[in-house]
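The sequence and structure are shown first.

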Amino acid sequence: MAYSEDLKQRVLAFVAAGGSKIEAARLFSLARSGGTRCMVCKTLNKDRAPV
């Protein structure tokens, strides 16, 4: 399932503010699956510059 860019940004902001991925899934009505975790991790890693 593809998530909208707006939803991704809201989920990432929630997690960055200290919320857990499970709480984010519940709050934003997402499946508590590897897909949600993967979406968050990929987006976070995409924004990081290589070291």
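## Helix α1 and the residue after it

Gly18, which follows α1, has a positive phi, near 110 degrees. The model is a predicted one: local features need pLDDT of at least 70, side-chain atom pairs count only at pLDDT 80 or more, and totals for chains, interfaces and linings use all residues. Residues are numbered from 1 along each chain as its sequence is written, and side-chain values use heavy atoms, with hydrogens and water left out.

Helix α1 covers residues 5-16, and its 12 residues should span 16 Å at 1.5 Å a residue. The expected span is 1.5 Å times one less than the number of residues in the helix. The end C-alpha atoms of α1 are 16 Å apart, which agrees. Buried residues in α1 are Leu7, Val11, Leu12 and Val15, where buried means under 20% relative accessible area, exposed over 50%, and partly exposed in between (1.4 Å probe, protein chains only). These residues cover an arc of only 130 degrees around the axis, so they are on the same side of α1; the arc is taken from the directions from the helix axis to the C-beta atoms.

## Overall make-up

The chain has three helices and zero strands, in the order α-α-α along the sequence. Helices (H or I, at least four residues) and strands (E, at least two) are DSSP runs, numbered from the N terminus.

Of the 51 residues in the chain, 27% are buried. The accessible surface is about 3700 Å², with 57% of it belonging to carbon and sulfur atoms; areas come from the Shrake-Rupley method with a 1.4 Å probe, and for residues only the protein chains shown count as cover. Of the contacts (heavy atoms within 4.5 Å) between residues at least 6 apart in sequence, 35% join residues at least 24 apart.

## The nonpolar core

The largest nonpolar core has 10 residues: Tyr3, Leu7, Val11, Leu12, Val15, Ala24, Ala25, Phe28, Leu30 and Val40. Two or more residues of this core come from each of α1 and α2 (21-27), and α1 gives the largest share, four residues. A nonpolar core is a set of buried Ala, Val, Leu, Ile, Met, Phe, Trp, Tyr and Cys residues joined through side-chain atoms within 4.5 Å. In soluble globular proteins, nonpolar side chains tend to be buried together.

Val15, in helix α1, is buried, with a relative accessible area of 18%. Leaving aside residues up to four places away in sequence, Val15 touches Ser20, Lys21, Ala24 and Val40. Val15 and Val40 are 25 residues apart along the chain, and their C-alpha atoms are separated by 8.5 Å.

## The aromatic pair

One aromatic pair is found in the whole structure. Phe14 and Phe28 form this pair, which is edge-to-face, at 6.1 Å centre to centre and 85 degrees between the planes. Rings of Phe, Tyr and Trp (its six-membered ring) pair if their centres lie within 6.5 Å; planes under 30 degrees apart count as stacked, over 60 as edge-to-face and the rest as tilted.

The pair links distant parts of the chain, 14 residues apart: Phe14 is in helix α1, and Phe28 is in the loop between α2 and α3 (34-46). Phe14 is partly exposed, with a relative accessible area of 24%, whereas Phe28 counts as buried at 18%.

## Glu23

Glu23 is in helix α2 and is partly exposed, at a relative accessible area of 39%. The C-alpha atoms of Glu23 and Val11 are separated by 9.8 Å, with the two residues 12 apart along the chain.
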